[in-house]
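Thank you for sending this model; my comments follow as numbered points, to be read with the coordinates open.

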Number of protein chains: 2
Amino acid sequence: MKVDHVRDYVVQSLGYALNPRSIAVVGASQNPTKVGHKVVEELRDWGYQGELYPVNPKGEPILGLQTYRRLQDIPCDVDLAFISLPALKVEDALHDAVEKGCKVAVVSSSAFKEVGRGDLQDELTVYCREHKLPLIGPNLVGLGNPYRSFNCGFLPYLPLKGPVGMISQSGSNLLAALGTSQREHYGISFFVGLGNKADVDFSEFVAYADQDPNTKCIAMYMEGLDSPEAFEEACSKTHKPVVVLKVGRSQIGAKAAMAHTASENNASTPGFCDQLFRRCGVLRATTWQEFLDMSLALGHYPSGLKGDHVVMITNGGGSGILSCDHFERKGMPLCELREMSPTLVEKMREAMPSFGSPLNPVDISGTATPEMYEKAFTCAMEDPNVHGILGSICPTAVTNVPAITDAAIRVYEAHKDQGKAFIMECQGGQECQEAIIRLRDHGIPAYATAEQAVNGMVALYDYSKILAEKQSR
Amino acid sequence: MKVDHVRDYVVQSLGYALNPRSIAVVGASQNPTKVGHKVVEELRDWGYQGELYPVNPKGEPILGLQTYRRLQDIPCDVDLAFISLPALKVEDALHDAVEKGCKVAVVSSSAFKEVGRGDLQDELTVYCREHKLPLIGPNLVGLGNPYRSFNCGFLPYLPLKGPVGMISQSGSNLLAALGTSQREHYGISFFVGLGNKADVDFSEFVAYADQDPNTKCIAMYMEGLDSPEAFEEACSKTHKPVVVLKVGRSQIGAKAAMAHTASENNASTPGFCDQLFRRCGVLRATTWQEFLDMSLALGHYPSGLKGDHVVMITNGGGSGILSCDHFERKGMPLCELREMSPTLVEKMREAMPSFGSPLNPVDISGTATPEMYEKAFTCAMEDPNVHGILGSICPTAVTNVPAITDAAIRVYEAHKDQGKAFIMECQGGQECQEAIIRLRDHGIPAYATAEQAVNGMVALYDYSKILAEKQSR
């Protein structure tokens, strides 16, 4: 339900939602297949350190925890009331949460607006707003914060700690991001599935993320935008990069979005979101992969790129050409090395065998050693005319991928204070996957294909332009 | 160097190049860091079953194998002469190969046209053509055939057996494909790096692939096309789908392509390749990932899709909407279920809980069981109005990914004779990666993102249109 402005009381409460000192699970169940069981189990198993109170009318212990018949029976304060009940029972639980003085309510139950029960959903929203109890959901998969070992919902993964705040209107896509985090070390600062976003919408999570010290980049998957004014307000104000994947462009996709999270896109004319996003400085991703690629790079380099002088250093001509083409497709063609820095050309020649190529991409040849990589990376890092470095590893039978990874990490560590963007690409087999994970663990955005790495670098450049525009206002 | 037509003697010899009974490695070395050592070592280590003859002027044994001073000293027939010598010594080795009666010469040595020695390279080509000794390379990384445990070159991986014939002008990108094969079970029938393609070019490999029983789809990474007429001839004639990733569209990329594999793109006007590819029925990929996605699907469904009635079945609304949008972006919007088959709507309702959605995508809900998936897949498989099925798994905490994977494999096995396209998407963590690998091992194209799966399905549809056009000629 629409809001006109970002509400301060909601933003404050979201601090409790994502860093709760105590949680009550209303609808906790002894049945291990129920959400109300899973939630309690996963909070415990992922290591949640706060107080945990199952609530169930039977009052029987669940997973060894003392269970309460009603929220009001809990003898201590409750920050977060997680409600997993049949739709028609949610209203009573919200009354209890208000009475108990909970800071925030999270409703996972479905069968509201997405199945035609818009009135019921709206009633809950009005009630919660009257009583200043922020409501997250309903029809949501969960939320959490890896910095607090806090994983609350229907979620099989707790992501790795990292810089991206992930706000998703879709549970399944949130899960995809969390799964990618587990598998490929895409680092996340907090995550939330908005579900039907009856009350709390994107805008207030953006305002919360703006204040959250762990969040460096705000990433949103969006099906419908109920409150464009509040969204514009929040995104215009934030000092952090914002990347949005807005879906429902297709006709059948818009219908599916309605059935999925009751998202109405009918009102927005074509181009409405593009214009809105441009006005408030939001970067728009097209595909899911691009969304992850852009937000990862921006999470590590939240001040973007100082200019468009990117040097690519590779041992594989093919990865270089794929990158050139993609840079140009994305509107940021690579400059030649001699145009950006004639002295760099000479220094690069010293870092490569005679049959290498000091164009840009700098091709240090298929036989490149870790020492050559280190020298080439260092030259580029130390040249004041270079704004970003894209390193690429294409393993031949003589390529020492772990040693080149070490070299990249050493150069990054030695120069990271200057904030020059350093992005890596490793295309190949298992050892490349391991290199990507190790690089990410050291704070270097690393990718498996040339185009993904370019998506990351171009996002930094595009964000710099947004920053400059924001600052000139 | 240009050819006007596909040469039959070359196509015949490529059978020996990719299924050699005996190999001589000219320039074999005792020094384990040299290509001439790696080649022998890897042929042996990957299990090559044919005869292997190192050739080295010193004649000392290499890796325990008897070594010959000259090619002519080998007492048996040699199918493939692999030449790894300094550029200026290659000509003599080719003379020896002609004298010995080798079927084909593969030259890995670099420092030819890519460093300005075009004349030297042309001399070799003219000599080989006069003597009908097909020359693959120079400046190439290797070639191989997993169906023969044959891995010949500078390559750290032997790919998994599968349907895609991979012809790459770039070594590093060939390695990326082989690494992906190792890591994600992208199946390959044969592979070759063309390098500078002084003599043998894409066209004759296409003609070979057309005859190769293991190859179901022909995939090519291309930097420059020297012989467009022969290419058009080969692609027009083949009965197999052809996917090409043609790079060098960017100005700086074209320069890099020249430095890399001496590829000249200057002569081709913008749109030249698009027109050529359209005329001869070649599908064009834009990014590396799309190239792999398309070729994988076509490798498993080389007769394409009978129509555009694709049903998507998912437990995650989000993956469904990403797919809808991407189908529409790719020019193949999804139809609604009731438009393609009213009876299917009713059958699908029976396969899902009441809060599921029988639109298209069919959202069988986040709590979907393996039984629901199996029923939904089977309904779609058995409905004659459905041409393709896109199944999607988005794991929540209650999703049994291995059991759903089993269900998908069962349905596929029970119906595979009818050739209806069945593609899977699994978005999430490690268990999804394992599911993708297991599905691929059973012959089902499976992907990690919605857009990748859609790229696969749309490629099938686009190829059907090409097939229809070819047949109507």
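**Notes on the predicted model**

1. Across the interface of chain B and chain A, the rule finds zero salt bridges.

2. On the side of chain B that touches chain A, at least two residues are supplied by each of α2 (35-45), α5 (171-184), β11 (242-246), α8 (251-261), α10 (288-300), α11 (317-329) and α16 (430-441) of chain B. The largest share of that side comes from α11(B), which gives 10 residues. By residue class, the side of chain B that touches chain A divides into 28 nonpolar, 31 polar and 15 charged residues.

3. How much area do chain B and chain A bury between them? The figure is about 5,300 Å², and 63% of it lies on carbon and sulfur atoms. Within chain B, the residues that lose the most area to chain A are B:R183, B:I252 and B:I321, which together make up 13% of what that side buries. Counted by residues in contact, the interface takes 74 from chain B and 75 from chain A.

4. In chain A, five strands form an open sheet with parallel pairing, in the order β2-β1-β3-β4-β5. Strands β2 and β5 (135-136) of chain A stand at the edges with a single partner strand each, so one side of each is left without a neighbour in the sheet. Further in, β1(A) and β3(A) run parallel and are joined by four bridges, and A:A24 stands opposite A:A81 in β3(A).

5. After the helix comes A:G47, whose phi is positive, near 95°.

6. The backbone of chain A has some places that I would inspect individually. Most residues other than glycine have a negative phi, and most peptide bonds are trans. A:A111, a residue other than glycine, has a positive phi near 75°, and A:A111 is found in the loop between β4 (104-107) and α4 (118-130) of chain A. A:K197 is not a glycine either, yet its phi is positive at about 40°; the place of A:K197 is in the loop between β9 (188-193) and α6 (202-211) of chain A.

7. Is A:K197 buried or exposed? Its relative accessibility is 1%, and the cut-off for a buried residue is under 20%, so A:K197 counts as buried.

8. A cis peptide bond is present in each of the two chains at the positions given here. In chain A the bond from A:G137 to A:P138 is cis, with omega near -5°, and A:P138 sits in the loop between β5 and β6 (142-145) of chain A. In chain B a cis bond joins B:G137 and B:P138, with omega about -5°, and B:P138 is found in the loop between β5 (135-136) and β6 (142-145) of chain B.

9. Chain B has an open sheet of five strands in the order β2-β1-β3-β4-β5, and the pairing is parallel. The edge strands are β2 (51-55) and β5 of chain B, each of which pairs on one side only. Strand β4 of chain B, residues 104-107, runs parallel to β5(B) and is joined to β5(B) by two bridges; the bridge partner of B:V106 in β5(B) is B:I136.

10. B:T125 is found in helix α4 (residues 118-130) of chain B and is buried, with a relative accessible area of 0%. Leaving aside residues up to four places away in sequence, B:T125 touches B:M1, B:A198 and B:D199.

Notes: Residues are numbered from 1 along each chain as its sequence is written. Chains are lettered from A and ligands numbered from 1 in the order in which they are written. This is a predicted model: local features need pLDDT of at least 70, side-chain atom pairs count only at pLDDT 80 or more; totals for chains, interfaces and linings use all residues. Side-chain values use heavy atoms; hydrogens and water are left out. Contact means heavy atoms within 4.5 Å. Buried area is the accessible area (1.4 Å probe) that two parts lose on being put together, summed over both. A salt bridge is a side-chain nitrogen of Lys or Arg within 4 Å of a carboxyl oxygen of Asp or Glu. Ala, Val, Leu, Ile, Met, Phe, Trp, Tyr, Cys and Pro count as nonpolar, Asp, Glu, Lys and Arg as charged, and the others, Gly among them, as polar. Two strands pair if DSSP finds at least two bridges between them. Buried means under 20% relative accessible area, exposed over 50%, partly exposed in between (1.4 Å probe, protein chains only).
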